[in-house]
Amino acid sequence: MLTNIRKAPAEEAGDQDRLMALLAYIIGIIVPLIILLTDMKNRPFQKYHAVQALIADVALILLVFVLGLIPIIGCITPLLSLAALVLFIYWGIQAYQGNYFEIPMVTAFARQQGWLPQ
């Protein structure tokens, strides 16, 4: 589910940083955009999780939309959405605990685009 989990340095992941990282996963597209469009993007911990959360949210929305167009498979999209909600809550908890982690494909894509450090 997650790979390469590592603890952030204490000075990098303060209480506000960890809270904003949690909210980036829980509240979807809105909080990551707020982080990335304000001065909060200068906080490495917040930016890292905002980028991951935003990419994961957009990927989920696209996946649910595309699967919803397929008649037989479209009926499982509510289950997929529920599973994604549980996964986003888990990621949010990991972020709130001050952890950096890699989400398969999402983190690699973000690094490839230069949005996250190598």
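**Figure 1. Trp 91 in helix H4 of the predicted model.** Trp 91 belongs to helix H4; helices (H or I, at least four residues) and strands (E, at least two) are DSSP runs, numbered from the N terminus. The structure is a predicted model, in which local features need pLDDT of at least 70 and side-chain atom pairs count only at pLDDT 80 or more, while totals for chains, interfaces and linings use all residues. Residues are numbered from 1 along each chain as its sequence is written, and side-chain values use heavy atoms, with hydrogens and water left out. With a relative accessibility of 6%, Trp 91 counts as buried; buried means under 20% relative accessible area, exposed over 50%, and partly exposed in between (1.4 Å probe, protein chains only). Trp 91 and Ala 53 are 38 residues apart along the chain, and their C-alpha atoms are separated by 8.9 Å.

**Figure 2. The packing of helices H3 and H4.** H3 and helix H4 (residues 77-96) pack at an angle of about 175 degrees, and their axes are 11 Å apart. This angle makes H3 roughly antiparallel to H4. Axes are lines fitted to C-alpha atoms, for helices over the stretch in contact, and angles run from 0 to 180 degrees between N-to-C directions. Angles under 35 degrees count as roughly parallel, over 145 as roughly antiparallel, 65 to 115 as roughly perpendicular and the rest as oblique. On the H3 side, the residues that meet H4 include Phe 45, His 49, Ala 53 and Asp 57; on the H4 side, Thr 77, Phe 88 and Trp 91 are among them. Contact means heavy atoms within 4.5 Å. By class, the contact of H3 with H4 has 12 nonpolar, four polar and one charged residues. In this scheme Ala, Val, Leu, Ile, Met, Phe, Trp, Tyr, Cys and Pro count as nonpolar, Asp, Glu, Lys and Arg as charged, and the others, Gly among them, as polar.

Figure 3. Six aromatic pairs are found in a search of the whole structure. The rings of Phe 45 and Tyr 100 have centres 5.2 Å apart and planes at 75 degrees, so this pair is edge-to-face. Phe 45 lies in helix H3 (residues 44-69) and Tyr 100 in strand E2 (residues 99-102), so the pair ties together parts that are 55 residues apart in sequence. Phe 45 and Tyr 100 are both buried. One aromatic cluster is formed by Tyr 25, Phe 88, Trp 91 and Phe 101. Rings of Phe, Tyr and Trp (its six-membered ring) pair if their centres lie within 6.5 Å; planes under 30 degrees apart count as stacked, over 60 as edge-to-face and the rest as tilted. The charged end of Arg 18 sits over the ring of Tyr 96, 4.8 Å from its centre; this requires NZ of Lys or CZ of Arg within 6 Å of the ring centre and within 35 degrees of the ring normal.

**Figure 4. The packing of helices H1 and H2.** Helix H1 (residues 15-26) packs against helix H2 (residues 30-37) at an angle of about 135 degrees, with the axes 6 Å apart. H1 is therefore oblique to H2. Met 20, Leu 23 and Ala 24 of H1 make the contact with Val 31, Pro 32 and Ile 35 of H2. The residues of this contact divide into six nonpolar, no polar and no charged.

**Figure 5. Gln 46 and its surroundings.** Gln 46 is found in helix H3 and is buried, with a relative accessible area of 1%. Leaving aside neighbours within four places in sequence, Gln 46 is in contact with Gln 16, Asp 17, Met 20, Ile 35 and Met 40. Gln 16, in helix H1, counts as exposed at 54% relative accessibility. Gln 16 and Gln 46 are 30 residues apart in sequence and 9.0 Å apart in space, C-alpha to C-alpha.
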